[in-house]
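My plan is to look things up one at a time and note what I find.

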Number of protein chains: 2
Amino acid sequence: MKKTKQKILAAATELFLDKGVDRVGVREIAAKAEVNLSLMNYYFQSKENLLFTIFDMLVKDGALQTREILESNAPIEQKINDYAIAYIDLLIEKPVLVSFVISVIHRNPEKIKTMDSAMGLYNSEIFCEQLKTEAQAGRIKPVDPEQLFISLISLILFPFTIRDLIMDKNSFSSKDYIKFMEERKTHVSSMIYSFLKI
Amino acid sequence: MKKTKQKILAAATELFLDKGVDRVGVREIAAKAEVNLSLMNYYFQSKENLLFTIFDMLVKDGALQTREILESNAPIEQKINDYAIAYIDLLIEKPVLVSFVISVIHRNPEKIKTMDSAMGLYNSEIFCEQLKTEAQAGRIKPVDPEQLFISLISLILFPFTIRDLIMDKNSFSSKDYIKFMEERKTHVSSMIYSFLKI
DNA sequence: GTCTATATGGCGATAGAC
DNA sequence: GTCTATCGCCATATAGAC
């Protein structure tokens with residue numbers, strides 16, 4: 001059945017995100033998927049290959065949703081605002097996604113160039129062009145576009161990597177944390193925008 | 001000899017940072033340290049214990065250097081500037097430190113509260129107090145201090161977690177990357193300060 | 001403190017019957 | 001496509017001689 005493949009993917013995704021790739025065994029994946037161990041290899045050949053399949057799925061999914069915002073032809077202020085909102089909303093659903101992506105990249109640095117899903121995450125060209133154009137037209141302050149793009153994603157993504165730390169330090173419940181990230185949407189876009197304003 | 005313990009620590013630290021804790025075996029550590037495998041357990045009882053020893057060392061070291069800047073009584077503008085410079089300089093030396101800390105925290109979320117070295121990293125109280133005082137005195141814009149602190153460390157730390165991505169995307173050599181991070185010092189502090197300025 | 005030898009179990013992957 | 005059985009290897013940790 002086709003269901004088997006899906007069951008393996010679903011189980012492995014949850015375990016990889018939760019415990020980290022190297023702390024999950026193939027037997028554990030098969031058990032959670034309620035599938036015979038051999039079927040894992042029948043469908044995915046190896047654990048490594050299963051990992052990259054899942055990595056691609058997760059990353060393409062997320063990248064698509066945010067990328068088109070940055071590539072639209074909305075005014076820059078609007079764009080930054082929309083981007084922060086969409087990205088933070090996406091990650092409130094799956095906060096561990098950021099740590100997962102970072103860990104896989106750090107785990108296989110030599111494969112990054114060939115993983116176009118990973119490169120698709122870092123999609124600055126059009127946005128950087130727009131920053132230059134707007135600066136030349138005198139509508140925003142001239143800044144290093146690459147630095148600004150990195151700052152934008154840093155402000156959005158990093159707080160998710162230290163979720164546990166933030167919650168413990170401030171005695172946040174899950175709801176408190178979500179509220180904090182909701183408030184972050186305007187914090188991020190107004191910080192970026194106050195920097196660009198003339 | 002006391003040297004043995006140090007050799008194990010040095011070898012394990014390098015391997016943990018480079019390959020990730022779960023992709024390094026104890027035999028590999030012993031081999032790199034040129035030490036008999038059993039001595040690892042003689043000195044550190046278990047791999048887990050060795051990990052936490054190293055984590056504590058690395059984190060206390062880094063936290064100390066930056067913490068006192070945030071807790072000095074310099075004016076806020078100066079403080080932010082000094083903090084960005086010191087923190088980025090520290091991490092240019094060991095860029096993988098950030099990913100390492102994130103991965104260990106994510107690996108053992110339940111132990112965070114007891115690891116005061118980890119909590120020492122997140123040291124916002126005095127800085128946040130100062131932000132409130134300055135805002136009341138009308139010298140800076142009133143902002144959510146906790147959000148601002150998170151933004152400050154996000155701008156500094158996140159770029160190190162995606163070092164490989166930044167280098168590949170922009171075809172940076174190691175020197176280019178360092179230059180980029182050097183330029184980042186002023187980028188970060190001027191972004192934060194433009195946000196706080198009245 | 002340092003060594004050799006080994007216990008004990010988990011890992012990823014595959015062969016081959018059905 | 002799905003199963004059982006198993007290979008071969010590596011992991012962490014320890015016992016006990018010196």
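My entries follow, from overall build to single residues.

**Entry 1: what I have in hand**

I note at the start that this is a predicted model. I began with chain A. I counted 11 helices and zero strands there. Read along the sequence, the pattern is α-α-α-α-α-α-α-α-α-α-α. I then boxed the C-alpha atoms of chain A along the principal axes and got roughly 65 × 40 × 30 Å. Chain A has 198 residues, and 33% of them count as buried. I also looked at contacts in chain A between residues at least 6 apart in sequence. Of these, 61% join residues at least 24 apart.

**Entry 2: domains of chain A**

Where does the domain assignment divide chain A? It gives domain 1 as 1-45 and domain 2 as 47-196. I took the distance between their C-alpha centres, and it is 29 Å. Across the boundary, 10 residues of domain 1 of chain A are in contact with nine residues of domain 2 of chain A. On the domain 1 side, helix H1 (residues 2-19) gives the largest share, five residues. I sorted that side by class: seven nonpolar, three polar and no charged residues.

**Entry 3: a closer look at A:Ile54**

I picked one residue from helix H4 of chain A, namely A:Ile54. Is A:Ile54 buried or exposed? I found 21 other C-beta atoms within 10 Å, so A:Ile54 is buried; the cut-off for buried is 20 or more. Next I listed what A:Ile54 touches, leaving out residues up to four places away in sequence. The list is A:Leu9, A:Ala12, A:Thr13 and A:Phe16. I checked one of these pairs. A:Ile54 and A:Ala12 are 42 residues apart in sequence, yet 8.1 Å apart in space, C-alpha to C-alpha.

**Entry 4: the nonpolar core**

I searched for the largest nonpolar core and found one of 101 residues. Which residues have the most contacts inside it? They are A:Ile29, A:Ile156, B:Ile29 and B:Ile156. I followed up B:Ile156. Not counting residues up to four places away in sequence, B:Ile156 touches B:Ala84, B:Tyr87, B:Ile88 and B:Val188.

**Entry 5: chain A against chain B**

How many residues of chain A are in contact with chain B? I counted 37 residues of chain A in contact with 37 residues of chain B. On the chain A side, H6 (97-107), H7 (116-121), H9 (145-161), H10 (163-170) and H11 (174-196) each supply at least two residues. H9(A) gives the largest share, 10 residues. By class, the chain A side divides into 15 nonpolar, 11 polar and 11 charged.

I then superposed the copies. A rotation of 180° with 0.0 Å of shift along its axis puts chain A on chain B, with RMSD 0.0 Å. That is the relation of a two-fold axis. I also compared the two interface lists. 100% of the interface residues of chain A are also interface residues in chain B, so the copies meet through the same surface.

**Entry 6: the DNA strands**

I took DNA strand C, which has 17 residues around it. A:Gly25, A:Val26, A:Ser46, B:Asn36 and B:Ser38 come nearest. Helices H2 (26-33), H3 (37-44) and H4 (47-71) of chain A and H3 (37-44) of chain B each supply at least two residues. H3(B) gives the largest share, four residues. The classes are seven nonpolar, seven polar and three charged.

H3(A) gives the most, with four residues. The classes are seven nonpolar, seven polar and four charged.

**Entry 7**

A:Ser171 has a positive phi of about 50°, although it is not a glycine. A:Ser171 lies in the loop between H10 and H11 of chain A. With 7 C-beta neighbours inside 10 Å, A:Ser171 counts as exposed. In chain B, phi of B:Ser171 is near 50°. B:Ser171 lies in the loop between H10 (163-170) and H11 (174-196) of chain B.

How values were computed:
Residues numbered from 1 in each chain as written. Chains lettered and ligands numbered in written order. Predicted model: local features only at pLDDT ≥ 70, side-chain atom pairs only at ≥ 80, totals over all residues. Buried ≥ 20, exposed ≤ 12 C-beta atoms within 10 Å, placed from the backbone. Contact = placed C-beta atoms within 7 Å. Near = placed C-beta within 6 Å. Nonpolar A, V, L, I, M, F, W, Y, C, P; charged D, E, K, R; others polar. Least-squares fit on C-alpha atoms with pLDDT ≥ 70 in both. Domains from an automatic or database assignment. Core = buried A, V, L, I, M, F, W, Y, C linked by C-beta atoms within 7 Å.
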